[in-house]
Amino acid sequence: MVGKATATHRVAARDELRRGTFDLLVIGGGIVGIAAAWTAAQAGLRVALVDAGDFAGATSSASTKLVHGGLRYLQTGNIRLVAENHRERRALAAEIAPHLVTPRRFIVPVYGDGPHGAAKLGAGVFLYSALSAFGDGLGRVISRTEALRQVPALRADGLRAAAVYTDHQMNDSRVAIMTVRAAVAAGAVVLNHAAVAALRTSHGRVVGAEVRDGVDGTEFGIDARLVLNATGPWVDRVRALEDPAAAPTVRLSKGAHVVLKRRAPWQAAVTAPVDKYRVTFAIPWEDHLLLGTTDEAYDGDPADVRATDADITTILDEVGQAVGGLRRDDVTCAFAGLRVLPGGPGAVATAKRETVITEGRGGMLSIAGGKWTTYRHIGRMVLDRLGLGARTLPTTPLPGVAAPAAVAHRLVADRSSGEPMDQRIAAHLATHYGTLALDLADLIRADPALAAPVHPDGPDIWAQVVYARDHEWAATPEDVLRRRTTLTLRGLDTPEVRDRVDALLGDR
């Protein structure tokens with residue numbers, strides 16, 4: 001159900017998308033497409049962005065929630081890539097999104113029967129921290145006793161020591177939505193739930209797209225001087241709209257994750273080696289534990305990807321080699337996404353994680369691959385391809401940039417709407433919205449009922465649902481529950497909650 005306010009916003013966006021000719025039309029609202037739109041808009045181009053589903057509705061909201069340098073890339077000797085990742089990680093954590101990207105200590109347990117020894121891991125985490133200019137401290141080896149103190153759930157049998165390093169984590173959906181907001185603030189015109197049905201051509205060149213609004217069925221066209229296909233797992237399908245004979249360029253790898261209730265505090269996350277090349281994670285996240293990921297070839301329909309019972313068993317077993325007490329009954333959510341890898345032979349687990357830009361016979365650019373940490377770099381790659389790479393772009397923070405602790409303090413101290421805000425809720429809003437949490441406080445002052453939790457077991461409140469509807473392009477309960485809030489990941493998206501959210505989305 002879509003309310004009048006949402007419908008009005010969509011009509012206005014469609015009218016703007018129909019008007020004139022855009023410099024760049026981006027098809028695909030995952031983080032790669034969002035980054036390209038944001039960067040191009042900052043460079044002064046007139047930019048449009050559409051996605052058949054929700055922003056970050058597929059792979060971009062199904063990551064391991066890490067902003068990291070890639071410790072495992074040292075295994076293959078790719079030191080330059082790790083250094084580049086670290087530079088982007090530091091920029092995101094210090095300048096672009098310090099309110100959304102937070103440091104997290106990781107330990108790598110060393111077992112007598114494990115694939116790596118303490119000396120090798122110690123050298124690896126030291127080099128890893130050196131490549132980040134020791135900005136997050138010194139990677140080192142700690143004792144068995146200290147490792148168990150930081151993560152009491154570690155399997156003690158055979159544990160000899162642990163290596164320690166620091167990376168960062170985030171809520172990927174929230175970072176994506178904030179980046180969409182930044183793109184719009186820079187002048188981009190965006191619309192989710194708007195599928196490209198065909199490409200517009202003129203004299204053999206792609207000059208736009210025919211689009212169908214998935215919410216109300218309206219069909220409209222967009223004219224553009226250049227079209228960028230950033231549809232992730234669907235990249236070859238969109239290429240086929242330009243050239244039905246186009247050969248596939250990518251292959252897909254499924255990565256599944258599991259979210260569990262956390263029954264005791266951890267001082268660090270765990271990076272658990274599975275074998276000589278693969279690792280899996282157990283990460284404190286959103287008051288829960290995030291486990292994963294898998295890495296297996298996938299050749300099905302991207303729309304059908306999901307975490308299966310077999311995936312959940314595999315993840316629990318692999319993480320269970322290093323962490324005890326994991327119970328299937330504690331699983332609140334399981335999800336899966338698809339990595340887009342360059343086509344070619346060999347196992348997907350050892351395939352290069354690189355971004356590739358190609359040009360079709362009609363001039364459409366297609367971009368595939370990449371990772372969350374370097375999403376700004378991917379945007380700059382697109383500018384380079386457009387011949388605009390020499391332009392100096394500002395280091396623009398994402399909306400809401402602030403110290404979360406200060407924002408939370410303001411929310412709790414403000415009693416203008418009556419009772420002070422619960423400290424847990426205030427902290428939750430501050431770390432997901434930054435200073436935009438003060439806009440939620442304004443909603444509560446106007447309607448104190450919006451301060452109530454959507455579900456009594458979680459920190460998300462009804463003001464977030466209204467805000468998602470009116471300011472964050474949420475059109476469906478799934479948009480709200482899975483990507484604007486944390487309710488689905490916490491296992492709190494009950495039928496009753498879904499019905500109430502649906503009703504609120506339809507309120508006039």
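Residues are numbered from 1 along each chain as its sequence is written. Because the model is predicted, local features need pLDDT of at least 70 and side-chain atom pairs count only at pLDDT 80 or more, while totals for chains, interfaces and linings use all residues.

A pair of aromatic rings is described by the distance of the centres and the angle of the planes. Rings of Phe, Tyr and Trp (its six-membered ring) pair if their centres lie within 6.5 Å; planes under 30 degrees apart count as stacked, over 60 as edge-to-face and the rest as tilted. The structure holds 6 aromatic pairs. In one of them, Phe55 and Trp473, the ring centres are 5.7 Å apart and the planes stand at 85°, so the pair is edge-to-face. Phe55 lies in the loop between strand E2 (47–50) and strand E3 (66–67), and Trp473 in the loop between helix H13 (462–471) and helix H14 (477–484), so the pair ties together parts that are 418 residues apart in sequence. Helices (H or I, at least four residues) and strands (E, at least two) are DSSP runs, numbered from the N terminus. Phe55 is buried, at 0% relative accessible area. Trp473 is partly exposed, at 22%. Buried means under 20% relative accessible area, exposed over 50%, and partly exposed in between (1.4 Å probe, protein chains only).

The rings of Tyr128 and Tyr165 also form a pair, with centres 5.4 Å apart and planes at 85°, so this pair too is edge-to-face. Tyr128 belongs to helix H4 (residues 118–131) and Tyr165 to strand E6 (residues 159–169), 37 residues apart. Tyr128 is buried, with a relative accessible area of 1%. Tyr165 is buried as well, with 5%. Ring pairs join Phe106, Tyr128, Tyr165 and Phe281 into a cluster.

Charges also sit over rings (NZ of Lys or CZ of Arg within 6 Å of the ring centre and within 35 degrees of the ring normal). Arg46 lies over the face of Phe22, 3.8 Å from the ring centre. Arg174 lies over the face of Tyr433, at 4.1 Å.

A nonpolar core is a set of buried Ala, Val, Leu, Ile, Met, Phe, Trp, Tyr and Cys residues joined through side-chain atoms within 4.5 Å. The largest has 79 residues, and Val47, Tyr375, Leu398 and Leu429 have the most contacts inside it. Helix H2 (residues 31–42) gives the most to this core, with 9 residues. A second, separate core of 36 residues includes Val151, Val270, Ile312 and Val323.

Key:
Side-chain values use heavy atoms; hydrogens and water are left out.
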